[in-house]
Amino acid sequence: MTLLEKMKVSIDQMTMAEKLGGSLQATVMGVSIVFVALMFLFLAITIMEKMLYGAEQKKTKKEVPVPVEATIEEAEEEDTTSDTELVAVITAAIAASLHTSTHNIVVRNIVRTSENTPAWARAGRGEQVQSRL
Amino acid sequence: MLDVVMKFWETTGYANITWQALVMMGVACVLLYLAIGKGFEPLLLVPIAFGMLLTNLPQSGVMELGHTVLRALTPGTVGETVQMLAEPTAEMLREGIPAQIYTETPGGLLQYFYRGNQLGIFPPLIFLGVGAMTDFGPLIANPKSLFLGAAAQLGIFFTFTGAILMGFTAQESSAIGIIGGADGPTAILITAIMASHLLGPIAVAAYSYMALVPIIQPPIMKALTTKEERMIRMKQLRNVSKKEKIIFPILVTILVSLLLPAATPLIGMLMFGNLLKESLVTDRLSKTAQNELINIVTILLGLSVGASARAEEFLQITTIQIIVLGMVAFAVGSATGVILAKFMNKLMGGNAINPLIGSAGVSAVPMAARVSQTMGQKEDPTNFLLMHAMGPNVAGVIGSAVAAGVLLSLFN
């Protein structure tokens with residue numbers, strides 16, 4: 001009867017040393033099985049990534065220029081908007097969110113804040129919005 | 001008249017209350033205060049604490065077993081049935097003995113809810129909901145997180161050894177060690193199967209530690225890392241395609257269940273829930289799993305687990321031992337996660353992994369990941385670790401289910 005089998009059925013008859021030996025054995029086995037299982041998953045994910053991305057990399061290379069053009073267009077559009085129009089739009093938005101009239105708000109200065117949100121946060125936010133639609 | 005009043009008085013709880021029951025009611029009220037007043041894991045603690053309160057009210061009978069009798073089918077054949085029951089022959093056992101089982105008084109309500117735990121139904125259902133709510137994206141994007149999820153399970157086995165040396169049986173020690181996985185449903189499942197008499201203290205310990213993650217983990221994390229390490233910024237995670245997210249749960253189910261069949265109920269349900277979410281074609285099922293179903297099961301599981309904490313079984317020295325061992329399990333798990341993360345960081349050149357995400361390898365989704373994020377932001381407010389910590393965090397869920405499977409196959 002191995003220590004582990006003994007531990008399973010008759011722990012009361014085991015000495016302290018046997019108990020310690022048995023539980024160390026269980027620990028080593030348990031930890032290694034957990035690591036092996038997760039190592040399997042690690043390999044599986046890595047292989048999956050290679051297989052899917054090996055095939056998709058060519059596609060993405062072709063698609064890359066499209067979003068770049070789109071962002072440039074957007075930027076240009078923003079530039080062509082006249083300042084007064086921008087002031088009117090922002091004033092109306094603030095008034096609507098504060099439930100007040102545009103007459104109570106005076107816009108003195110509009111400064112564009114720099115975009116410092118990391119890309120993953122923006123992606124996460126985008127996903128959130130998409131999932132609510 | 002006085003006689004009637006006296007008899008009525010004897011049937012009330014007031015006449016039958018014991019100091020143990022009062023203590024337990026006090027504990028229940030403290031837990032309710034922590035849940036409602038302090039906002040610690042209210043979704044779990046409120047049902048558990050209330051179940052505890054109900055079961056310790058004397059004469060309430062919510063956890064009573066039903067009174068079931070065996071009766072002869074017809075009064076005329078009573079003698080015959082008695083004889084047959086007394087000396088059943090192989091023939092009779094095959095043909096059947098003419099008697100029926102008749103429930104005279106049904107058992108307590110929570111006793112029936114509790115069957116769901118005893119038979120191992122509720123914990124996997126909770127995992128179904130958890131799976132439907134979990135995004136494995138960060139883990140797929142950074143599969144190295146899996147090792148952090150594995151390291152954090154060391155706490156389970158460390159505590160297992162401690163419990164054995166303190167005189168618990170192997171089955172009890174397994175159930176106690178699992179607290180270190182910081183995974184309520186897993187702890188309940190293992191305890192219900194291997195040491196159901198300890199369900200009350202183990203459930204209370206497991207859920208209290210999950211609620212206390214933001215208090216227990218930070219000092220351990222701070223002690224084991226340097227300021228520079230806490231300030232490490234990690235590389236942005238790549239985008240994970242839908243295809244990968246769909247293949248992942250199927251792959252995990254097959255790989256883990258083949259290696260460790262005992263872990264199949266937990267891993268299978270977790271990944272099934274995730275597949276419902278990621279496949280995008282079973283939207284209704286996924287919504288049910290992550291809302292109505294998990295809510296219903298949480299109510300039934302919480303109330304009945306709380307109800308298993310009856311004064312006679314709870315107010316014992318073993319409860320204190322379990323609570324202490326659970327804390328050790330949890331602390332060791334968090335520490336080993338951080339240590340392995342430090343080690344991996346060194347191996348990878350010293351600037352790739354922020355060791356703070358290692359402690360998220362104990363499950364407790366998503367609190368443990370949030371703690372990593374807050375600790376990182378204390379050093380550098382513009383450092384975002386949350387998504388990186390979600391990787392080890394969900395790996396921890398898989399890891400603790402695997403560890404549970406190991407213990408089940410070794411000692412059950």
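A polar contact is a pair of N or O atoms within 3.5 Å; within protein, one atom must be able to donate a hydrogen and the other to accept it, and residues adjacent in sequence count only if both atoms are side-chain atoms. By this rule, 2 residue pairs are in polar contact across the interface of chain B and chain A, both at pLDDT 80 or more. The model is predicted, with local features needing pLDDT of at least 70 and side-chain atom pairs pLDDT 80 or more, while totals for chains, interfaces and linings use all residues. Residues are numbered from 1 along each chain as its sequence is written, chains are lettered from A and ligands numbered from 1 in the order in which they are written, and side-chain values use heavy atoms, without hydrogens and water.

Chain B gives 46 residues to the contact and chain A gives 33, where contact means heavy atoms within 4.5 Å. About 3700 Å² is buried between the two chains, 81% of it from carbon and sulfur atoms; buried area is the accessible area (1.4 Å probe) that two parts lose on being put together, summed over both. In chain B, the residues that lose the most area to chain A are B:Phe147, B:Leu165 and B:Leu410, together 14% of what that side buries.

The count between the chains is 1 salt bridge, a side-chain nitrogen of Lys or Arg within 4 Å of a carboxyl oxygen of Asp or Glu. A salt bridge joins the side chains of A:Glu49 and B:Arg238 (3.5 Å, N to O).
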